[in-house]
Amino acid sequence: MTTLFVLDVEDFRPLAEVAGKDPDVTVRRRGPYLEVAAPGSIRIDRNAAGRRNAVWFSSVAAVEDGRVARWDREELVIEPDGPEE
Amino acid sequence: MTSLEPELLAHTVRGVDHAAFPTFDPRATITFYRDVLGFPVVHATCALGWGPGDHPDFIHFFFDIGNGDRLAFFYYFGVAPYRDTGIPELLHRARHLAIHVDGEADLAEYRRRLDASNWPCELQVRHETVESIYVTDPNGYLMEITRPLRAITPEDDIDAALSVDALMEVAGEPEPSLEKFFARKAKLIADRYEGEPELVTFA
């Protein structure tokens, strides 16, 4: 599972909320973190998350079995580790 | 040793006594910190070098930056201005002093003082936990004044501890990267909270 961790504080919680709208995505609590997991890619729209710049670009706590494929002003995309990796 | 089994060292330090920097323009430095920002001058050492050697004569002067903490400068008589232009700007500006204010009104007041001076505020940023204004002082040093946006929580502290543990591991290996850091930190989180995770809904 492609897994994104965000810290469960008000700054970063909206990322998990936005990601969780995808039916393929599950969100679980892991200690102080929200563990966002999906069998494929995890995509989070910046506008939907409503995060200002400095918060948006510090919102990823950790990534398991995947990699940050895109993280710009519009979107955060975590893709599953490819077979070549 | 990781933060999961902390070695309990007594923590008896009490903040910043002073941080000191060289200045080649004491008039501008005093104008900026004393007259523009309103930081009182609280001490000055006027010294004949250090003994009989070739150490230049100097004035070491201190500004009160609140909370009993001080910011100090050395002005060396007869020493030519020097700036290491070989240092990339990114790294040069990474060295900065951030001074704390308690609230939005205080931050706005210091921004007003800067904007009315020859050293206007260059940037105002809301980070996750603080809001900051930035200015380059007359010596070229980046200075930040910052106010809290929210309280730091135990969750923030746990995250910080896991971050530095992951960084310690990744930085000790060849070709450290943010990608490797994220992966290592994810394993630390999973190990630390391996119990049955609780499903979350945002209904």
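By class, twelve nonpolar, four polar and five charged residues make up the lining of the second largest pocket. Hi everyone, that is where I'd like to start today, and please keep in mind that this is a predicted model. Among the 21 residues lining this pocket, those closest to its centre are S58(A), E128(B), D159(B), S163(B) and K185(B). The pocket's volume is about 370 Å³.

Which element gives the largest share of that lining? It's α4(B), with six residues. Both α4 (154-171) and α5 (178-192) of chain B supply at least two residues each. In domain terms, domain 2 (88-151) and domain 3 (154-192) of chain B each contribute at least three residues to this lining.

Now over to the largest pocket, with about 480 Å³ of space. It is lined by 21 residues, and F21(B), P22(B), H92(B), N139(B) and Y141(B) are the closest to its centre. Here the lining divides into 13 nonpolar, three polar and five charged residues. Four strands of chain B, β1 (18-22), β4 (70-76), β5 (96-100) and β8 (142-148), each give at least two residues to it. Domain 1 (16-79) and domain 2 (88-151) of chain B each provide at least three.

So how is chain B divided overall? There are domain 1 (16-79), domain 2 (88-151) and domain 3 (154-192). Between the C-alpha centres of domain 1 and domain 3 of chain B lie 40 Å.

Last, the cysteines. C46(B) is exposed, at 60% relative accessible area, whereas C121(B) is buried, at 11%. Over all chains, the disulfide count is zero. Thanks, everyone!

Methods
Residues are numbered from 1 along each chain as its sequence is written. Chains are lettered from A and ligands numbered from 1 in the order in which they are written. This is a predicted model: local features need pLDDT of at least 70, side-chain atom pairs count only at pLDDT 80 or more; totals for chains, interfaces and linings use all residues. Side-chain values use heavy atoms; hydrogens and water are left out. A disulfide is a pair of cysteine sulfur atoms within 2.5 Å. Buried means under 20% relative accessible area, exposed over 50%, partly exposed in between (1.4 Å probe, protein chains only). Domain bounds come from an automatic or database domain assignment. On a 1 Å grid over the protein atoms alone, a cavity is a set of points where a 1.4 Å probe fits but cannot get out, and a pocket is an open set with protein on both sides within 12 Å along at least five of seven lines; lining residues have an atom within 4 Å of a point. Grid points are joined across faces, edges and corners, and a volume is the space filled by probe spheres set on the points. Ala, Val, Leu, Ile, Met, Phe, Trp, Tyr, Cys and Pro count as nonpolar, Asp, Glu, Lys and Arg as charged, and the others, Gly among them, as polar.
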